[in-house]
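Trainee: Could you walk me through reading contacts and cores in a model like this one?

Mentor: Happy to; let's have a look.

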Amino acid sequence: MNIKKLLPQLLTLLVLILIFGFFSYNAQLNMENRGLEFGFDFLKYEASFDIQFSLIEYDGSHSYFRAYLVGLLNTILVSVIGIIFATILGIVVGVARLSKNFLIERTAAIYVEFFRNIPLLLQIFFWYFAALRALPLPENAEPILGVSFLTIKGFFVPSLIWNNLDIFIYSIIAAIISIFFVKMYARKKQDNQGIQTPVLKISIGLSIFLPLLSFILGGVDASVELPVIKQLSQSSFTYEGGIKLPPELIALALALSLYTATFIAENVRAGVQGVGKGQKEAAASIGLTPNQILKLVVMPQALRIIIPPTTNQYLNLTKNSSLAAAIAYPDLVLIFAGTALMQTGSAIEIVSITMLTYLTLSITISILMNWYNNKIAIREK
Amino acid sequence: MNKLNFLTPDKNNLYPYLYTGTVLFLLSIIIVLSNSLFNLDLIYFLPGTISFFLPLVLGFIGLHLIRIEYSGIKLLEIINKKINTNNFNALLSLLILFVIIKSLPPLLNWFIIDANFSGDSKDACSGSGACWAYIKTWFNRFMYGMYPNEEQWRINLSFVSLAFLGVVGFFATDKFKKFLTLYYVVVYPIIAFFFILFFISGGPIFFDFSYGIIAAVISIILGFFIPSKFKMYYFIIVPITLYILLKYVFFYEELIELGKLESLEWVETGAWGGLSLTFIVSFFCLIFCFPVGLFLSLGRRSDLPIIKYISIGFIEFWRGVPLITVLFMSSVMFPMFLPQDMFIDKLVRVIIAISLFEAAYVAEVIRGGLQALPKGQYDAAKSLGMGYWKLHILVILPQALKLVIPGIANTFLALVKDTPLIFVVGLLEIVGMLNLAKTNPEWLGFAMEGYVFASLVFFIICYAMSKYSYNLEQKYKTDR
C-alpha cells in the first residue's frame, strides 16, 4: 500500500467522519434544547390513535410498536396484491406486444406508452379522487356476481368463516411438498430411464385431493358470510358482514399494478425477443413440437432475461406503495412516519426505523436476486 | 362453380366467400356502430344474451369467410395479415374493434362535443361533458403556482433564455465544438443556477446577480480590444474588480434602501409552484445527480477499499429506501442535524435530497456501462501509459456513457415523474396545485378534468423525452 493509494482514502474517511461528527453534535444539541431524548422507549407507549384499516387487532390502547406492525402489514398487503395483478397484466400485455395482430399489438403499445409516462402519484390521485368517486352509494350499488358490492365506500366481498383453518393450511403445505417430491422423482426417472411422468396431471390431482381430504377427514369446514346492507341513519348506509376493502386500498393497488405492469410487459417482450431466432429453428429441426419449443427452449432462456429486471420492478412497487400516504391509506409511512412522528416528535428514531425497514426489505430481495442470478447465469469457459 | 365448403374458404370460390364474409363483417360493425353512435338497437327483437353476442358471432363468421390466402386482392391480403391470421386472432380483433367503437363516442362527447370551453365560473359548466373552463381559469396557477401574476414574466423570461442558451450548442461552429462538453457540464448549469436563484426569487440578492451580469458584459466587450497575450489575466482580474466596484462604489447599497433603485420583488420559494416548479426541480436534480452518480460509479469500481465500500454503502442505501421517506428525512430529520441558527431553504433541501437519491440510480446505470466494456480497453489504455483519470476521461467514459444512454434517459424520466412527490414537504407543483384547486369551494367536482389535463401534460413531456433519448441512442450507436 503506497502513499498515493492511502491518501485519498484517508481523506475521504476524514471528511465523512467530520460530517457525521458535525451532524451528531448538532443533533445532540438540538434535542437537548427541545427537551427530547434519544431512544426507542416510545415504542412501548400507548399509541392512542385509531387506524381505519388493519389486518391484526388494533385500537388506540395498543403500543406504537403494534401500530408499526399494522402499517408494515398494510404495506405488505398492498404490495402483494399489486405484484400479483401487475405480473398477470404484465405478462398478458407483454405477449400482446409480440402479437402479429396489428390491433392487439397497437392496443398494448398504447397502454404501455400511456401508463408509464404518467407519474404514479397522479395515477393514484386519478383513481382515488376522480374514478372511484364516480361509484354508486352503498344503497344504489348493483351486486357483482350477486354477492359483492363495489361502492364509493369500498368494495364489499363475502368472507369465508373457517373451522380448523390450520389443518387446511397444513394440507396445502403437504400438497406442495409432495408435488415437489413427485417432480424430483420424475426428473430422476427421466434421467435414468428416459421415461416421462405426467407431472402436471399428478400435481393437479394432488392439489385437489389433499385439501379435499382435509375437508372430509380433518373436520375442516367453511361457511360464506355475505355482506348485507344496513342502515346507519336516515341517509347513510353501509354493508355488514363479509370483508370490506377500503377505496384507498383499491385505488392504490389499481394504480400500482397498472403502472408496474407496463414495465413488466416491456421486460417480458425484451426477454422473448432476446432469445435468438436460431434457437427456435434449431429446436424445430430436432423435431420438438411448438409447445415443447416454448417450454424447453424459449422460456428457460427468456426467463433468464426477464426475471432480474422484474424482481427490480417488484422492489420498486413495494417502495412505491409508500405513496399511500398521499391518499391516506394507512401504510407504514402514513402511520409511522406520519401520525406517530407527529405525536412523539422523535423524528430521528422514527425516520431511521422506517428507512431501515424498507432497506431490509430491499436488501433481502436483492440478495435473493443475486443468488438466483448467479444460479442461472450461463457458465462460459 | 365448385362445391361450396363453408368451413374452409379457398381461392376457387373467392367471390361468394368474399361477398358473404364482407357483408357479415360489415353488418356486425354497423350493429355496434349504430348502437353506440345513435343509441339505436337494430336487433331489439332478439332476447338479451343473443343480441349481446350476435355482432360477435356475425363478425367472427365474416372474418372466417374472408380468410382466403393468395386472393390477389391487396386490401384483403393486408386485412388478413394484420388482424385476421387465425380464428383466435379474429375474435380478439373483433373484441378490440367493438370496444373502440363503443367507447369512442362517449369519450369524444366528454372531451369535445359536450364540453364547456368558455366561462369563468362554475355555472358555465352545466353540460355533461368536461369543464375546460375550469382549466382555463386555473391555468395560471397550474403553471406558476402561487407566484404573483404580475411577476410571472420573470419565470417565462428565465425559461426562454435558458432554453436559448441550451440550444446554442447546436449552432456551434467547428472552432467551438471542442468546448461544448465543458459548456454543457460546467458553464451552463452554473448560469442556470444563478439565473433561477437570483432572477426568479428576486429580492435584494438580485442586485448581486445584476452586477455580475453587467460586469461580465462590460468585460466581454472590452475583452475584444485586449491583446490575446493578456487575455487570461484580463478575464480573471477585470470582471471581479468591476463587480466589486459596481457593488460597493457605484451603486452603494444605501441607494437601494433609499428607494432610488427598485429591486425585483422578493418571491419566496414557498410561493413557487405549478409546472414551472416541476421544471426547476427536475432540471436541477438532473444537473446535480449526473456528476455525483458518475463519481459514485467510479468509486464502486475503484480498487481503493475504503472508497469502494463507502460508495457501495451510499448507493445501496439510497436505492433501498422509497423517495417519500427521503423527503420526510429532508423535511423533519435534516433540520435536527444543522446548527440552530442555520437554515436551508425547503426547495434547496428537496433538490439535494432528490439529487442524491437519483444519483444512486444513475451510478448503477453507469456501472452497467463500465462493466460492459471489454477489459482490453483498460489494458490498451494502460499500456499507453495513461493514468487513472486520463484513462477514464479519454477512453473508458466516452464508450461507457454511449452504451448507457437509454438507461440514463430512463432514470431522468423517473426523476421527472418523481417530482410531484415534493408535496410531502409542502411544495406544490402541478399535481399539488390540482389537489389544491380541487378543494376550492367555488370549483368543487372537477377533479377529473384536472387530472386528465395534468396527465396529458406529463405524457407529452415524458413521451417527448423518451423519443429524444431513442434518437440519441440511434445517433451514437457504434458497431463494436
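Mentor: Start with Leu327(B), which touches Val350(B), Ala353(B), Leu421(B), Ile422(B), Val424(B) and Val425(B), leaving aside residues up to four places away in sequence. Touching here means C-beta atoms, placed from the backbone, within 7 Å. The model is predicted: local features need pLDDT of at least 70 and side-chain atom pairs pLDDT 80 or more, while totals for chains, interfaces and linings use all residues. Residues are numbered from 1 along each chain as its sequence is written, with chains lettered from A and ligands numbered from 1 in the order in which they are written.

Trainee: Which residues touch the most other members of the largest nonpolar core?

Mentor: In general, nonpolar side chains tend to be buried together in soluble globular proteins. A nonpolar core is a set of buried Ala, Val, Leu, Ile, Met, Phe, Trp, Tyr and Cys residues joined through C-beta atoms within 7 Å; buried means 20 or more other C-beta atoms within 10 Å, exposed 12 or fewer, and partly exposed in between. Here the core has 149 residues, and Ile124(A), Ala251(A), Leu252(A), Ala255(A) and Leu327(B) touch the most other members. Another core, of 13 residues, lies apart from it and includes Leu24(B) and Leu94(B).

Trainee: Why is Ala380(B) called partly exposed?

Mentor: Because 13 other C-beta atoms lie within 10 Å of Ala380(B). Ala380(B) sits in helix 16 (residues 375-383) of chain B; helices are DSSP runs of H or I, at least four residues, numbered from the N terminus.

Trainee: How many residues does each chain bring to the contact?

Mentor: Chain A brings 46 residues and chain B 44 residues. On the chain B side, helix 20 gives the most, with nine residues.

Technical notes: Two residues are in contact if their C-beta atoms, placed from the backbone, lie within 7 Å. Helices (H or I, at least four residues) and strands (E, at least two) are DSSP runs, numbered from the N terminus.
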